[in-house]
Amino acid sequence: MPSAITYEAALLFWRIVTQIFFREIRPRGAFNIPHKGPLIFVGAPHSNQFLDPLLLTLEVYRETHRHVQFLTAAKSLQRKAVGFFARLMDSIPVSRASDEAKPGTGLVYLSPDDPCLVLGEGTKFKTEFTPKMQIMLPKSVNSAVAEVIEVISDTELRVKKEFGGDSGKGTTRIRETIAAGGENGNKGLAFKLLPFINQQEMYRGVYQKLKEGGCIGIFPEGGSHDRTDLLPLKAGVSIMALGAMANDPTVQVKIVPVGLSYFHAHRFRSRAVVEFGTALDVPAELVEMFKEGGNKKREAVAKFLDLIYDGLKTVTIRAPDYDTLMLIQAVRRLYKTPGQYLTLGQVVELNRRFLKGYTHFKDEPRVQKLRTDVLKYNRLIRDLGIRDHQVPRAQKASWKTLGLLVYRLVLLIIWTSLALPGVILNGPMFILASIISRQKAKEALAASVVKVAGRDVLATWKILISLGIAPVMYAFYAIVATIVAVRANASLATRIWTPFLVILALPFMNYAALKFGEAGMDVLKSLRPLIVALIPGQQRSFDKVKAMRVRLSNEVADVINEFGPKIYDDFDQAIPAPPSTGNPGIWRRKSSVGQVDAQGNLLIHPMTWIDERLFGWSRSAKCGSSAWGGSTPTQDSSRPATPDLSDGEDHGDYDHAVSYISAYEDASRHKVRSRQGSYADLQRLRMTATTQPSASSSSSDRQETFEDVTMNLNKEASRQSSSA
C-alpha cells in the first residue's frame, strides 16, 4: 500500500511537470491497452531520455490506472535526482557492461588470416580478460564489440564472432582503419574491457512481476538517441516474454508496441503524441522452441524480436534521414485542404503512410519531380518569410491589413507586459538550464556512437535543472520579500506571512506569465506575413506562391491517388463523411488542456475574441456565433488567421489539433478517451470538403476533377475577398 501511494504521488508530480513543459500531449490508440493480465510495453524511438518512460507511464495510468515498472540502467539509478524519482516509480535496475567499461593496456589489431583472432601490442590479455568478457574497439570503428571465448596469451585472444557481424563489413573497416593508422606510426587500436554481467537476477525479477499480472516497460533500442530511424533492438524484451511463459504456462504475456512522436522535443512548450498499437500475443510455438534451448532458443528469440519490430513499425515514423522527414511533412501540409484541421492521430497516420509510400515509390519519375517542386516551394516561402499555412490567406494589402498589424502590435505589447515579471523572475533558471543542458548534451554526444547532436538529453536536463533551481530561487525571493517587509516596518503578522505568501504565489504567477507569454509568441509569429504584405511589390510574389501551392496541392493529391491504392488496401475504404454544416460538437479544435481554445478559454489565447469582433476574421465571427461558444465551422481560407491559428510550424507539425467526437456520442455526456483516425477518413474528408455538390448541382458537376473544383473554390474566395 505505501508503495502504491508513493507511486501515485510521483505520477501526480510528474503530470504537473510534463503539462508545464509540453504544450500538448496526445494519446492515440489507448483502447488497445488490455486492462488485465501481464503486459510488456515496448517503446520506440527512445528519443527523449528520461521523459519517454514518464509520458508512457502517465498515459497508461490515465487510461487504465495500471502501474508500469520500467527497466532502468543501474548507472542512472546511482544519480541522486534521477535515482530518487526512479525508485519512487518502482523502476527495475539493469546493469550494462558498457557502463562499467575500462581502458585496456596496449593496442590491438586483427590477424591477417583469421578475423576472430585478436593480436596485441604491449597488451596483458592474461590478466585483464577472462572468457565471456567483451572487448570494445574505439568510436572510429563504430565501437565494435565482440565476446571473448579464449585467452591464448598476453598478446592473443579469440572472439566468438567477427566484429560487426558475419557480413565482414566491420572487419574490413577495422583493417582499413588500422592500415591508415600504420602510416602515422600506430600499430593498432586502443580498446576497452567490458565485464561479463549475469542478468539472471534481473530476469527472475521480471518473470515474477509478469506472473503477478504486472506491467513492465522497456525501450529495446537501449540508450536514447536523436536519430530519425530506429536502432537495432536488443534481445532482452524477447527473452523476458518467452522466458516468463516458458517458466509458467499459466502466464499469458502480451506485448504492446508504443510509438512516441515529438516535434522539437528539446524545446520548452513542444508537443508529443503517444501511440499504442495492437497488443501482440506470444506464439506458443516460439515458447516451445525457447524451452528446447540451444540454437532453437536463439531462433525463437530472434523470430519474436522480428515480430516486435514489425509491431513497432505500425506506431513509429521512421525516416532514413532528416531531409526526408521534412519533405514528408511538407507534402502532408500540402495534402491538407485549407480550413481542414486534422487530429493529432490523423497527422501521425498521414506522415507514416506518406513516408512508407515515398520510400516505396521514390524512384518513380513523377515522385522525383514532385520532390523537386516541393523543395523549390519550401525555399520560396522561406525567402518570403511566411509559413505554408499562411499562404492560402495571403492577400493584397489594404487598410484592414494595416489595422490588423497595428492592433496586434498593441496586443503584443500587452502580453509582453503581463509576461515580463515572470520572465524576469525565472530568467536565471532559464539561462542556467539552457547552458547546463547544452553542456550535458555535448558530454552525451562525445560518449555515444549513435547520437547525432545529443538533443535527446536536452529536455531531460532542462527539467531536472529547473526542478533543482526553482526551490532555491523561490526561497531566495521569499527571503528578499521578507527583508523588504522588515525594512518597510510592516506589522509582525505581515513579516511572518510574507515568505509563505510569496512561495505560494510565485508558482501561480509564473504559470499565468507562461500563458500570457505563449499567447504573445503566437501573436509575434503572426506579424511577419502582415509586414511582408505591406511591402510594395510583394503582391506579385504572393500571387506566384499561392498559384504554386494550388498546383502542388493538386499534384500531391493526384500522385497519392495514383500510387496509394497500390500499397494500401484500405485506401478507398468507404466511411460516413463528416457533415459540412459546421454543426457544433462534431468538429471542434481542442487545446492542450482539453478545453476549447482561443474562442472559449482566455488562458489559451487571451483576448483573441477582440480580434474576432473587431476584424471579423475568425470562424466564429464569420458565422455570427458567440466567441465563447466554442463553435468552430470551417474557416474561410481567404481570411487572415487570428494569432492562435498562426502559431503553427515553428512548434512542429502537430498544430491545429481537432478532436473528433464519435457519431455514437449523443449528448456529449460520454468522454471519448481514445481517438484513432484512418487514412480513409482523411480521403473522404478531403473529397467531401472540396467536391461535395449542392442539392441543385447537376450530375455533370459531380464529375468535376479535384483540380477543377479547387480552382473554382480559389476563384470564388478571391472574388469574396475583393468585394469585402
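Thr401 is found in helix α14 of a predicted model, in which local features need pLDDT of at least 70, side-chain atom pairs count only at pLDDT 80 or more, and totals for chains, interfaces and linings use all residues. Residues are numbered from 1 along each chain as its sequence is written, and side-chain values use heavy atoms, with hydrogens and water left out. Helices (H or I, at least four residues) and strands (E, at least two) are DSSP runs, numbered from the N terminus. Thr401 is buried, with a relative accessible area of 8%; buried means under 20% relative accessible area, exposed over 50%, and partly exposed in between (1.4 Å probe, protein chains only). Thr401 and Leu534 are 133 residues apart along the chain, and their C-alpha atoms are separated by 7.7 Å.

The axes of α14 (residues 399-446) and α17 (residues 527-534) come within 10 Å and cross at roughly 145 degrees. Axes here are lines fitted to C-alpha atoms, for helices over the stretch in contact, and angles run from 0 to 180 degrees between N-to-C directions. The crossing of α14 with α17 is left-handed, a term for a near helix turned anticlockwise from the far one by less than a right angle, clockwise being right-handed. On the α14 side, Thr401, Leu402, Leu404, Leu405, Arg408, Leu409 and Leu412 take part, and they meet Leu527, Leu530, Ile531, Ala533 and Leu534 of α17. Contact means heavy atoms within 4.5 Å. By class, 10 nonpolar, one polar and one charged residues make up the contact of α14 with α17. In this grouping Ala, Val, Leu, Ile, Met, Phe, Trp, Tyr, Cys and Pro count as nonpolar, Asp, Glu, Lys and Arg as charged, and the others, Gly among them, as polar.

Across the protein there are 22 helices and 17 strands. Of its 724 residues, 51% are buried. Among contacts with a separation of 6 or more, 74% are between residues 24 or more positions apart.

Seven of the strands form an open sheet, in the order β5-β11-β8-β9-β10-β7-β6, with antiparallel pairing. Its edge strands are β5 (102-103) and β6 (107-110), each of which pairs on one side only. Two strands are taken to pair if DSSP finds at least two bridges between them. In general, strands of a sheet pair through backbone hydrogen bonds, either parallel or antiparallel.

Leu107 has Glu121 in β7 as its bridge partner. Six residues lie between β6 and β7, which form a hairpin. Four of the five residues of β7 are buried, so this strand is largely enclosed by the rest of the structure.

Strand β7 also pairs with strand β10 (residues 156-159), in the antiparallel sense and over three bridges. Here Val118 has Leu157 in β10 as its bridge partner. The covered face of β10 carries Leu157 and Val159, while Glu156 and Arg158 lie on the uncovered one. Strand β9 (residues 145-153) pairs with β10 over four bridges, again in the antiparallel sense. Ser153 stands opposite Glu156 of β10, and two residues separate β9 from β10 in the hairpin that they form.

Two further residues were examined in other helices. Asp52 belongs to helix α2 (residues 51-64) and is buried, with a relative accessible area of 0%. The side chain of Asp52 reaches the backbone nitrogen of Asn48 at 2.8 Å. Leaving out residues up to four places away in sequence, Asp52 touches Pro45, His46, Ser47, Phe219, Leu260 and Tyr262.

Ile483 is placed in helix α15 (residues 458-487). With a relative accessible area of 42%, Ile483 is partly exposed. Pro499 is 16 residues from Ile483 in sequence, and the two are 9.6 Å apart in space, C-alpha to C-alpha.

Key:
Polar contact = N/O pair within 3.5 Å; in protein donor to acceptor, adjacent residues only side chain to side chain.
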